[in-house]
Amino acid sequence: MANENNQNKNQLQIQLKPEVADGKYSNLAMIGHGPNEFLIDFIFAAPGMPQAPVVSRIVMSPENAKQLMYALTDNIKKYEANFGEITQKRPVGGNNMPPFGNFGGNN
């Protein structure tokens, strides 16, 4: 019983606020980095529109960015095992608008 109480005390309580719960749609992301952080801008690019707004910017430590990479890799493998391979509709860099690209940082 005491061990169970200690586990509950150390458990992180995730809070999802209503204004965040709906999420933001993004079909483009730009990633940059400096010595101490990674920046990921999630963007919505609408066809035929000359501008694409950043819908969210996430700033992460290098360690957390690497953990995110591993988590995405694991989840993509699980997704593909259930639903089949994810195919790229266009190559990265196609149409002068990469689906995911780099900005800033040291390439």
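The structure is a predicted model, in which local features need pLDDT of at least 70 and side-chain atom pairs count only at pLDDT 80 or more, whereas totals for chains, interfaces and linings use all residues. Residues are numbered from 1 along each chain as its sequence is written, and side-chain values use heavy atoms, with hydrogens and water left out.

The protein chain holds 3 helices and 4 strands; helices (H or I, at least four residues) and strands (E, at least two) are DSSP runs, numbered from the N terminus. Read from the N terminus on, the order of the elements is α-α-β-β-β-α-β. Of the 107 residues of the chain, 12% count as buried, where buried means under 20% relative accessible area, exposed over 50% and partly exposed in between (1.4 Å probe, protein chains only).

Asp41 has its place in strand β2. The whole structure contains 2 salt bridges, a salt bridge being a side-chain nitrogen of Lys or Arg within 4 Å of a carboxyl oxygen of Asp or Glu. One of them joins the side chains of Arg57 and Asp41, at 2.6 Å from N to O. This pair links distant parts of the chain, since Arg57 belongs to strand β3 and Asp41 to strand β2, 16 residues apart.

In the salt bridge between Asp74 and Lys78, the side chains meet at 3.0 Å, N to O. Asp74 and Lys78 both lie in helix α3, 4 residues apart, or about one turn of the helix. An α-helix has 3.6 residues a turn, so residues three or four places apart point the same way. Asp74 is partly exposed, with a relative accessible area of 35%, and Lys78 likewise counts as partly exposed, at 49%.

A search of the whole structure also finds 2 aromatic pairs. Tyr25 and Phe44 form an edge-to-face pair, with 5.8 Å from centre to centre and 70° between the planes. Rings of Phe, Tyr and Trp (its six-membered ring) pair if their centres lie within 6.5 Å; planes under 30 degrees apart count as stacked, over 60 as edge-to-face and the rest as tilted. Tyr25 counts as exposed at 58% relative accessibility, while Phe44 is partly exposed at 32%.

Tyr79 and Phe83 form a tilted aromatic pair, 4.8 Å centre to centre and 45° between the planes. Both residues lie in helix α3 (residues 62-83), 4 residues apart, about one turn of the helix. Tyr79 is partly exposed, with a relative accessible area of 43%, and Phe83 is exposed, with 61%.

The geometry of α3 agrees with expectation: at 1.5 Å a residue, its 22 residues should span 32 Å, and its end C-alpha atoms are 31 Å apart. The expected span is 1.5 Å times one less than the number of residues. Just after α3, Gly84 takes a positive phi of about 100°.

Tyr79 and Phe83 also belong to a nonpolar patch on the surface, together with Leu68, Leu72, Ile76 and Ile86. Patches are made of residues with over 30% relative accessible area and no salt bridge; like charges are joined within 9 Å, and nonpolar side chains (Val, Leu, Ile, Met, Phe, Trp, Tyr) within 5 Å. The patch has about 580 Å² of accessible area in total, by the Shrake-Rupley method with a 1.4 Å probe, where for residues only the protein chains shown count as cover. Leu68 lies in helix α3 and counts as partly exposed at 31% relative accessibility.

Leu28, by contrast, counts as buried, at 8% relative accessibility. Leu28 is found in strand β1. From Leu28 to Phe42 the separation is 14 residues in sequence and 6.1 Å in space, C-alpha to C-alpha.
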